[in-house]
Amino acid sequence: MTGVMFFLQILILLGIGCVFLFRHYLFSYSAEKGKNLATQEDIEEITRKIEDVKIAYLTEIEKLKIDLSLLSKKQDILLDEKIRVFKKLQKQLVDFKKYCEASVGSHDARGDFHPTLDSLTSEVYTSTLLHLTALHYIMQEDFIFLSKKSKDILNDLHSRCVTICNIELYISSGNTDSELLNSAIPMYENSIKLIEQCLQGLYDELRFPNE
């Protein structure tokens with residue numbers, strides 16, 4: 001009987017020990033499971049945030065690409081228009097230079113190969129006033145594509161050539177004063193230099209990309 005009681009006590013103690021061990025194991029397992037579940041949820045949240053940032057970044061990149069493409073197209077259109085206006089001004093200024101060179105040849109003997117007013121084509125105006133007026137019309141028509149410096153360059157040329165206009169008007173009235181005609185020669189020569197400077201200044205104002 002005593003042995004049976006002792007055996008029963010041993011079984012009870014073992015049972016209690018097993019219960020405590022199972023309880024400890026259960027708590028440890030639950031804690032670890034909860035930890036793993038929390039870690040998985042954190043990873044999913046971080047992954048979701050990374051994907052959101054990635055999408056926002058790619059969206060912003062695409063928007064920047066579109067904006068840069070539009071800006072590039074606008075710059076190309078503006079440059080094309082500036083080149084178109086420059087060509088118009090260039091032609092008129094070159095014709096003006098031809099006229100000044102021919103005027104020098106007509107008022108002063110420069111040799112058989114120097115151009116004179118008679119050698120000019122019908123397309124070239126034969127007065128400074130007409131050339132300046134043509135340049136003024138181009139400025140009015142395409143002023144939006146001209147920079148302030150370009151306008152200043154053209155206006156400076158106009159103001160420097162006013163004296164020649166007055167001399168030509170005086171000569172066209174029938175005055176053939178030789179001293180007056182001789183004084184016009186250096187003015188025409190100076191105008192040629194001014195026209196060349198004007199052309200160079202307008203070309204520089206085109207501001208080609210990547211220069």
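**Entry 1**

I looked up D156 and found it partly exposed, at 36% relative accessibility; partly exposed lies between buried, under 20% relative accessible area, and exposed, over 50% (1.4 Å probe, protein chains only). The model is a predicted one, in which local features need pLDDT of at least 70 and side-chain atom pairs count only at pLDDT 80 or more, while totals for chains, interfaces and linings use all residues. Residues are numbered from 1 along each chain as its sequence is written, and side-chain values use heavy atoms, with hydrogens and water left out.

D156 forms a salt bridge with R160, with 2.9 Å between the closest N and O atoms. I take a salt bridge as a side-chain nitrogen of Lys or Arg within 4 Å of a carboxyl oxygen of Asp or Glu. R160 is also partly exposed, with a relative accessible area of 47%. Helices (H or I, at least four residues) and strands (E, at least two) are DSSP runs, numbered from the N terminus.

**Entry 1: other salt bridges**

I next noted the network: salt bridges that share partners join E81, R84, K88, E141 and D142. The salt bridge count comes to nine. One of them pairs D142 with R84, the closest N and O atoms being 2.9 Å apart. D142 sits in the loop between α2 and α3 (148-160) and R84 in helix α1, so this pair ties together parts 58 residues apart in sequence. D142 is buried at 4% relative accessible area, whereas R84 is partly exposed at 32%.

I also looked up D95, which forms a salt bridge with K91 at 3.1 Å between the closest N and O atoms. D95 and K91 are four residues apart in helix α1, about one helical turn. D95 is buried, with a relative accessible area of 8%; K91 is partly exposed at 48%.

**Entry 2: K82**

K82 lies in helix α1 (residues 2-107). Leaving aside neighbours within four places in sequence, K82 is in contact (heavy atoms within 4.5 Å) with F145, E205 and L206.

**Entry 3: helix α4**

I listed the buried residues of helix α4 (residues 162-172): I164, C165, I167 and E168. Seen down the helix axis, they fall within an arc of 165°, so they line one face of α4. The arc is that of the directions from the helix axis to the C-beta atoms. Just after α4, G174 takes a positive phi of about 110°.

**Entry 4: the chain as a whole**

I counted five helices and zero strands. Of the 211 residues in the chain, 24% are buried. Among contacts between residues at least 6 apart in sequence, 74% join residues at least 24 apart. The accessible surface (Shrake-Rupley method, 1.4 Å probe) comes to about 15400 Å², of which 62% belongs to carbon and sulfur atoms.

I then checked pLDDT, the predictor's confidence in each residue, from 0 to 100. The chain has a mean of 79, and 73% of its residues reach 70 or more. Among the elements, α1 has the lowest mean pLDDT (73) and helix α2 (residues 128-141) the highest (94).
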